[in-house]
Amino acid sequence: ESVVWRLRGIGYDLAILCLGAMAAISVVDDPWMAILAVPAVLLVVAACHALGRVQVSSFDAKTRLLAPHALSTWGGREVDLARRRGSPLTVVMTDIDWFRTVNNTYGHQAGDRVLAHVARQLAAASRSTDLAFRFGGEELMLLLPDTTVEGGAAIAERFRELLRTSPAEWRGTAIEVTASLGVAQRRADESLDEVMLRADAALLE
């Protein structure tokens, strides 16, 4: 995700440079064009900076996953697409086991490290078309377009195996991490909230 933002930042800079070069050429040909060119460049710069702020704010700082408030936008879009296409949409909810114990034993900084580690493993288990969110606290979520509950269960198991084979590390100490998982596929005319509730209930099964 950080690479994506760096590339987008480079793209913004290149766009501004190109526009600036075009403005300079126009001014050389006709000095009066500066009256139009300078405000245009300033508007593009302001728009790019505003877009960058919106994009960065969509991500959770600790996990670098999509933040909870981004769920309404991205989740709503995926539900609309699934409804129009008649395609499956599956939710995977995951809750880090014994997270409070980690905080109490090693401290909250260690808890943050564990949370970031779990988020990385969740992203590694998912595909480029999947959306990963920090839902709240130690609870994370995957939204899987064009995926049945069986496909969601396979991704959940891949994530569980990654956690099993790669413990988190904190100041030279390996911290074994496990997670509870719940998977649910959207039913016809079901809202995203309803699917999430069923996936969340499956955490307890």
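Start with the largest nonpolar core, which has 26 residues; a nonpolar core is a set of buried Ala, Val, Leu, Ile, Met, Phe, Trp, Tyr and Cys residues joined through side-chain atoms within 4.5 Å. Buried means under 20% relative accessible area (exposed over 50%, partly exposed in between; 1.4 Å probe, protein chains only). This is a predicted model, in which local features need pLDDT of at least 70 and side-chain atom pairs count only at pLDDT 80 or more, while totals for chains, interfaces and linings use all residues. Residues are numbered from 1 along each chain as its sequence is written, and side-chain values use heavy atoms, with hydrogens and water left out.

Select V114, V118, L140, L142, F159, I175 and V177, the residues with the most contacts inside this core. Then colour the elements that give two or more residues to it: β1 (89–96), α4 (99–106), α5, β3 (139–145), α6 (149–165), β4 (168–170) and β6 (179–185). Helices (H or I, at least four residues) and strands (E, at least two) are DSSP runs, numbered from the N terminus. Helix α5 gives the most, seven residues.

Next, select α5, residues 108–125. Its buried residues include V114, L115, V118 and L122.

Move to L142. Beyond its neighbours within four places in sequence, L142 is in contact (heavy atoms within 4.5 Å) with T90, V91, V92, L122, S126, L131, A132 and I155.

Finish at A179, in strand β6. A179 counts as buried because its relative accessibility is 5%. Leaving out residues up to four places away in sequence, A179 touches T94, D95, I96, D97, F159, R160 and L163.

Technical notes
Expected span 1.5 Å × (residues − 1).
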